Each structure stands twice: as structure tokens, then as C-alpha cells.
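Here is a short briefing on charged side chains. Look at the sequence and the structure first.

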Amino acid sequence: MVCIELSLPYNKSLLISTWYRPPNSLMNIFDYWASFLAKCDNEDKELILIGDLNCDVSKTIPDPHTGKLQFLCSLYQIDQLIKESTRLTPKSATLIDLILTNRPENISRSGVIHPGISDHSLVYAVRKFTLPNGRQKIRQVRNFKNFVENDFIRDVSQLPWEMVYQFGDPNLCWQVWKSLLLDALNRHAPLRHKRIRNNPVPWINPQIKELMRKRDYHKKKTIKYDSESQWELYKTLRNEASSQMGDSKSGWAWINSLLGRKHKNANINELKVNDDIISDDKSITETLNEYFINIGMKMAAESACQNTDALNDQVIYESTVLLPKENFHFADITIDSVSKRLQKLNVST
């Protein structure tokens, strides 16, 4: 069992625990859990426990382990929130993935999600508390799931487009035309809000996303209709999606290794200085320190030498090729020279 204490702003702290009970565990394992529950009760701690307890609480006649679990829940006033089967096979449906809490009034909703990645479904619970104001990335997209092109074209052709010509203002004409078209488009492809993920996973490409969508769809069909053919199709799609995701992820891992992003933290075990190998931590530290202390002055000196050489080359080049022999100066301008220039101008009337 793993347990963390979560402190919430303007709320009492709560305990979130996860527990996996092996199916062949002894009965005395519940004695340790009972001690944990007693401590939570004495300290008046809110508890949310999530885990695969291998206790099928959906059975009418529970086995001894499930009976012990239900007895302790009743003793310490703990509610089990999940009401739907969480592990589904072609021959069985059990409710063994549980969410237990001693404050059910603080849970707004709970349920089961069937992602298709495993025969165990995901369980979830949403606790009530005030979230800090944050700006989520949400954009509007059109849902073309039920879009039929011919129906849309027929609907657009029957719109009263003559209303556009009733206005002399082009801006009003544009607004009427836009309103007519968007009303038709909203009926056939309505807008919906989509949250944008901040850190997209690069190895999940569109082909893998489509496989995952089909996989989840067929798992839902399997649960709904209890179909053997749907189950086989779901398993095929699940394995294919996992295989392609693994291949794609390996490819990205190889790319990251080439770019030097394979490891976030790299430990230096050896350092080669000239022809010597240094492996002692203290010597490595002193060598790196000495290098970074002197690197600035060394680079500045090299840069000064390069600039001096370049300046000398430029002076020699300008003196031999580019520079004129005479110095530049302004010539005096007389009134007569200005008058002659003006008389030569071609003035047209």
C-alpha cells in the first residue's frame, strides 16, 4: 500500500492511498488495513483508497476476503463508489477495482472508463474543491461525425440568398450571407470545444490515434453486446496499437539519443585531459573549475589577436588599393555658377 497526504488550500488535508491485494494473500492482511483505518478514524482524516483488491463486491454471496472487506468498511463507515464491473472477459464480469472513501459527500462523481488498453477498466472519482484560476487552451472545432455532403449541399441551395440583395451596405450584405451559411453549417457540422494538450506525445501519430479510437470503440461494443466476435476484434486492434506505439516510441528514443536528449542528468565518470584520463571526483571537479575560470580570458586574448590581425590587413589593403591619393574637401560655390546652372534648366509652362 502506498499513501500520500495531500494538503489543499482552504481545506483539511486528505489521504490518497492505492492498494493492490494479490488474490492468494492471507486473511491477516486485512488486520494491517484495519489498523490503518483505525488511525485515520482517530485523527479524523479524509481517506480515498483506490486499488485492485481482488474482492468481487458485485457477488450476492461474497467470499471470505470480500466479506472481511465489507465488514471493515461497515465498521469504519467507508463507502464503495464504483457500481459497474471493472474486469471483463468473454466468460466473466467482476467488480474488483474499487474506490473507497469515508467522505462520500466530498465526491462529486465517480465511474468507470473502458479505454481498451487492458481487460481491467479504469475507475475514477472527482473530489470537490476549489481550483485555482487557470487558462486552459481550448479551441472550437467542427464535428463532422454525422456530416452528409449531399444533405448539406441541398440545404445550402434552398437558403433564401435573395435576402442579401435587400441591403445597400456591403457590410450588412456580408453579415447576412455569413449568417445564412453558418446556420446551415452548424446544423450539419456543429461546433464543439476541444482542449489542447500542452505537451503532445510525439510518437502517437494519426495512424496510431485511429487504431486507438477503433480499439476503444470495439471494447465498448464488446461490453454492450457481449459479443465474441467483437472481443476478438478488440484484442486484435489492441495488440496492433500496442505494437505500433512501441515501434514509434523506440524510433523517437533513438532520435533523442542522437540529439543528446536521452538522459536528463549525465554523470561524468572520466575526463580526458590531453593524454591523461582522470577518474577521481575531486580531480575532475578541480580540472573543470580551472577550465571554466580561464576560458573567458583565453577567448578574449584570442579574439584580441584576431581583431588586431584583421585590422592590420584592412589598413594595408585600403592603403594599397582602395584609398585615393587626394584628400576629400568641399569646393566653394559662387553666385555665377549657381546662375549658370539655373539658366540651363528646361522650364516648361
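Which residues form a positive surface patch? They are Arg139, Arg192, Lys194 and Lys209. This is a predicted model, where local features need pLDDT of at least 70, side-chain atom pairs count only at pLDDT 80 or more, and totals for chains, interfaces and linings use all residues. Residues are numbered from 1 along each chain as its sequence is written, and side-chain values use heavy atoms, with hydrogens and water left out.

**The patch**
- Patch residues have over 30% relative accessible area and no salt bridge, and like charges are joined within 9 Å.
- Lysine 209 sits in helix H5 (residues 206–225).
- Lysine 209 has a relative accessible area of 52%, so it is exposed (exposed is over 50%, buried under 20%, partly exposed in between, with a 1.4 Å probe and protein chains only).

**Salt bridges across the chain**
- The whole structure holds 10 salt bridges (a side-chain nitrogen of Lys or Arg within 4 Å of a carboxyl oxygen of Asp or Glu).
- Glutamate 5 pairs with lysine 45 in a salt bridge, with the closest N and O atoms 2.7 Å apart.
- That pair links strand S1 (residues 2–6) to the loop between helix H1 (29–42) and strand S3 (46–52), 40 residues apart.
- Glutamate 5 is partly exposed, at 48% relative accessibility.

**A neighbouring pair in sequence numbering**
- Arginine 215 forms a salt bridge with aspartate 216, and their closest N and O atoms are 3.0 Å apart.
- Arginine 215 is buried at 5% relative accessible area, whereas aspartate 216 is partly exposed at 21%.

Methods:
Patches are made of residues with over 30% relative accessible area and no salt bridge: like charges are joined within 9 Å, nonpolar side chains (Val, Leu, Ile, Met, Phe, Trp, Tyr) within 5 Å. Accessible areas come from the Shrake-Rupley method with a 1.4 Å probe; for residues, only the protein chains shown count as cover. Lys and Arg count as positive and Asp and Glu as negative; His and the chain ends are not counted. The place of a charge is taken as NZ of Lys, CZ of Arg, CG of Asp or CD of Glu. Helices (H or I, at least four residues) and strands (E, at least two) are DSSP runs, numbered from the N terminus.
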